[in-house]
Each structure stands twice: as C-alpha cells, then as structure tokens.
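Colleague: Could you walk me through this one slowly, as I am new to reading models?

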Amino acid sequence: MNTEAERYLRRATRRLWGRRRLEVREELAAHLEGRVTAYRVAGLTEQDAVEKALAELGSPQLVNTGMERLYTLPTVLGSGAAFAAVCVAVVASLPSGLAQSVPGTFYWPSAMCIKAVEGKTVRSPSESCYFTLDSFWLNRDALKRALEPQGTVVSNTSVPGAGDEDGLLSVTFPGATPVYTSLGSPNFYMTGRDGKRIPMAEGYFSFWDFLQNASQHRELAVSVSGWDNPSVSFGDVSFRLGTESEPVTGEKFYSAYLNAILRKDGAFADLESWGGFALPSLQTDAEAAKRLARLQGSRLLETAVTFRGATKGVYGVVTSLEPNGSLAEALVPGDFPTDAFFLVQPVQIREDGTTTLELPNGTSTFVEGFSGELLPNTSMLVRLSGGPGQGRGWYEVIPPGDITLTAQN
Amino acid sequence: MSNGLLRDNFDLVLLAILEDGPKYGLEIIAEARGRTDGYFDLKEGSLYPALHRLERAAHVTAEFRPSDTGGPRRRYYLLSESGSRYLAERRAAWERFNGAVGALWKPNRGGAK
C-alpha cells in the first residue's frame, strides 16, 4: 500500500489495541482500495486516486476519535480497574508573568501497575495495566481557565455519528487550526483517592492524546520540558503541570509518557523498522537469569550503561525482551500471555550528553506488547523533552549511530 | 440535509440500508446516496465509527469476507434480531412524529375559537 495511505491507516487506528486495531485497519484499507480502484478506472493517476480517496475519508484523527470512544475509554474505565486519583494543578504561565492555578486531575495507576512502577515484577499484566500506567488526565475547564487568557479557544465539538455531542474537545491555539481530542465517556466515572466518584462527564481528557494530536500540527511548535512539574508549550502558549504542594513528579510523568507511546503502534513500528541497539547488560545467559531470579524485588540488573552522544533532556529507554527468554522469565515468573514484552524507563541525560542507566530501577515499568516481529533484547532511545519539531510527532527515536554505549559493571 | 437531522437519525439510516441484506462500508454509502438521490451523503469518517457503535450495541453483527477484486477482505455488516426490533421501534416513532408534524402543516379546519 502507498506510504501516504499507510500513514493514514496508522493514524486512524493508533489508539486501538490488538485484534480490534487490525480489524479496523483492514476495514479502512479495503475501503481505500475500493475507492482508489474506482478513481484509477476513471483515469486518475495512482497518486491522485489515493489523495482523493484519503480526502473523502476525512481526518484520520476524527475516525480514530470515534473508534477510540467505543473501544478504549469505555472498556477500560468500565472495567472497574482500581484507579486512584490525586488532585494536581495546571499552572498557566501568563504573558503578564502571573501564574494562575487551576485544578486538574492526575490518575495514578492501579495497584497492580504501581508494583511495576516501583520496580517490582508484574505477574499478569493486562490491557488495563497499560491504560492505567499511562493515565494522566486533565480537566477541560481547568485547561480552559489556563489557556483562554493566552488567546486560546477551548470548546466542545462533535463528530456526527460518533456518539454524543459533547464527545470531542476542540482547542484552537493562536494562528493554528483546531486540535481535537476526545473527552472521556460521560457514562463512566473513576474512583478518586478519597473514594469519591469523579464522573468523566465533568470533561476529562487524556493529556497524551492531546499532546500527540497537537504535535501533528505543522503550524504549532509543541514541546515538554523540565523534570518535576514539567512545562508544556504550544507555540507561544504554555503552562506547567502540577504545583509545589501537589507535584507531578518527573519519574511518574515520564514513565507514563513512555507507556503512552508504547500504546500507540507508531512506537512499535519505529522499533521494527529501525532495529535498535543491544544493551550490553541484556546479553544474558542461563546463569545470569538464575542470578536475576534471586534478585527479584530489588534491582535486577546491576550493570550500568552510559549513553554518549545525546543532548541534554529527558529520554526513554525502551527494550524488547524475548517473551520466553531467560530474562523475561526472571522478571515475570509464569507464562507470559503475549508475544512481546518491554521494559521501559525514563532517563535524564546530562549537559555533556551522558547518563548512567541502571536497569531496572524505581522508574522502570514492564509492559506487554502485541507485535511478534520484534528483535528480542533490543533497545531504542526515545527523546521525550524538547520535542522533535513541528508536525513531527511527540517523541523522537535517536538513531543508533548517534549513541555510544559504555558498559559499567 | 442538516448535520443535526443526520446525526439524530444516523442509526436509523444505517439500519434501514442493512435491512435488505449484508453490506460493507462503500456499499452502504452508495446505497444511501442512490436511494435518496444524493440527499444522504454519508461521510466515510463518520460511517465506520457509527457502524462499530451499532455492532457494539448488538444491533448489527459483522464478518470479514474476501474481496471480489483480490484486495483486502471486506467487513460486511448484517442486521441482527435486536437491530430489526430497534429499527421497527424507531421507524414507528418516526412515522408517529411525521404524522403529527404533517397534521400541523395542514390548515386548521376548525379555526381559532
């Protein structure tokens, strides 16, 4: 299939999971194939036919939003996963220099996933674990109060046929076309840390979906910076996540960021096509696995790795592990119910472009994937802060040629 | 037609089209356009989420069938028993509404008292 069509299909299905994602992709591919064939018969070139067929389908974001509302939010939020919430604040950096504080909501992972966040093993990761690992929700009204003084219009909009009228949030930054993102289904609620029910109808949306959607706008420079209470900017508009009393810690924020990337098939595709690099510490053998097994619950790998050649900022290391290999077995006892397994960990790279990596540590999470084509024990380094540039996505895979590894034992 | 009217009756339009037998997305669009002389010009980007919503509500079932052109398999939608009942209810409600509005359009023979 044409590259442009491939890109469209990836975007249109990016928030869907497993079998459902493949089915929607195949259905849309069949639709495109039918329309392209018809236009070719009518005399159009292949390129023109594809462009016309894609234009008919409309924005992949809107197709994706409609599907996601059906398959992602209701399924997971309705599953009774143990969500715990803590109130934080979105602090607007106003042009006047005055900071305006408005409440937002940050949902911590379920108890099972917290174990993973703490660097311990997860016996049976499930789909809801992915979801909760990357759960970071903001409130529409809080965002509105933070952004409107900076000339940004925040409003509800709708997708005909995709559900209720309040399902989509439209955010128009100065000089940019609207960024759309889906609101949580009004039919579901989450349980806060204090046991209070928080209805999604109050206008909550996933920060990651919003960040990803915004970063695809060529006219908008999107970037995240800082570790604790990171700043987010969209062109000249910016705000900070968290306050001193209710901080959004860098460890949790960037761990969730990495998990959010892994939930989208784009990250898997990058790892597949790019190949990645091998961390020396993961060249493990049976003896090493036994040693690792004894170390469960504490630091599993004592080998540190130094990256050289990256610039200062926050990065993520994503490592695919052989599902039934000795390392995966050491980390996750019992049968692993999937064909791909990842260890992800955020890392801060210093001014001189170096860092020391301890795998895993308290910021590591272990997640399952759905692709069987990954090279086991292969890693990629992903830049999270700074942003890759306008219209180029919300993370950047660092080419292996730009990285020098130095193992330390 | 106005977006509001189509949005409110989108399910009804789709289920009515599937009443004649299983169809895939492109066929549904062509059928809607053809049977209404272009009045219902369904947007593809809205169609698929709506069809999946109907499937999730168990008003339709879906199955993949091979394409006759050798391309990717097509996903056919079939009206379910629940969908037939839902369509009949919606249709009856629509006809009642239509009749009532039609009565309002007619001149008031009794005249104002």
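Colleague: Thanks. To begin, is Phe173(A) buried or exposed?

Modeller: Phe173(A) is buried, with a relative accessible area of 1%, where buried means under 20% relative accessible area, exposed means over 50% and partly exposed lies in between, using a 1.4 Å probe and protein chains only. Please keep in mind that this is a predicted model, in which local features need pLDDT of at least 70 and side-chain atom pairs count only at pLDDT 80 or more, while totals for chains, interfaces and linings use all residues. Residues are numbered from 1 along each chain as its sequence is written, chains are lettered from A and ligands numbered from 1 in the order in which they are written, and side-chain values use heavy atoms, with hydrogens and water left out.

Colleague: OK, and how many aromatic pairs are there over all chains?

Modeller: The count comes to 17 aromatic pairs over all chains, where rings of Phe, Tyr and Trp (its six-membered ring) pair if their centres lie within 6.5 Å, and planes under 30 degrees apart count as stacked, over 60 as edge-to-face and the rest as tilted. One of them joins Phe173(A) and Phe234(A), whose ring centres are 4.7 Å apart with the planes at 15 degrees, so this pair is stacked.

Colleague: Which parts does that pair tie together?

Modeller: Phe173(A) lies in the loop between β5 (168-172) and β6 (179-182) of chain A, and Phe234(A) lies in strand β11 (residues 231-234) of chain A, so the pair ties together parts that are 61 residues apart in sequence. Helices (H or I, at least four residues) and strands (E, at least two) are DSSP runs, numbered from the N terminus. Phe234(A) also counts as buried, at 1% relative accessibility.

Colleague: And what about Phe207(A) and Phe253(A), how are those rings arranged?

Modeller: Phe207(A) and Phe253(A) form a tilted pair, 6.1 Å from centre to centre and with 50 degrees between the planes. Phe207(A) lies in helix α9 (residues 207-214) of chain A and Phe253(A) in helix α10 (residues 250-263) of chain A, so parts that are 46 residues apart in sequence are tied together. Phe207(A) is buried at 0% relative accessibility, and Phe253(A) is likewise buried at 0%. Both belong to one aromatic cluster, whose members include Trp208(A), Trp227(A) and Tyr254(A).

Colleague: Switching topic, which residues of helix α1 in chain A are buried?

Modeller: In α1 (residues 3-12) of chain A, the buried residues are Ala5(A), Tyr8(A), Leu9(A) and Ala12(A). Seen down the axis of α1(A), they fall within an arc of 95 degrees (taken from the directions from the helix axis to the C-beta atoms), so they line one face of the helix.

Colleague: What lies over the ring of Tyr76(B)?

Modeller: The charged end of Arg65(B) sits over the ring of Tyr76(B), 4.6 Å from its centre, where a charge sits over a ring if NZ of Lys or CZ of Arg is within 6 Å of the ring centre and within 35 degrees of the ring normal. Arg73(B) lies over the face of Phe64(B), at 4.4 Å from the ring centre.

Colleague: Last one, where is Ile403(A)?

Modeller: Ile403(A) is in the loop between β19 (396-397) and β20 (404-408) of chain A, and Ile403(A) is buried, with a relative accessible area of 11%. Ile403(A) and Gly309(A) are 94 residues apart in sequence but 5.1 Å apart in space, C-alpha to C-alpha.
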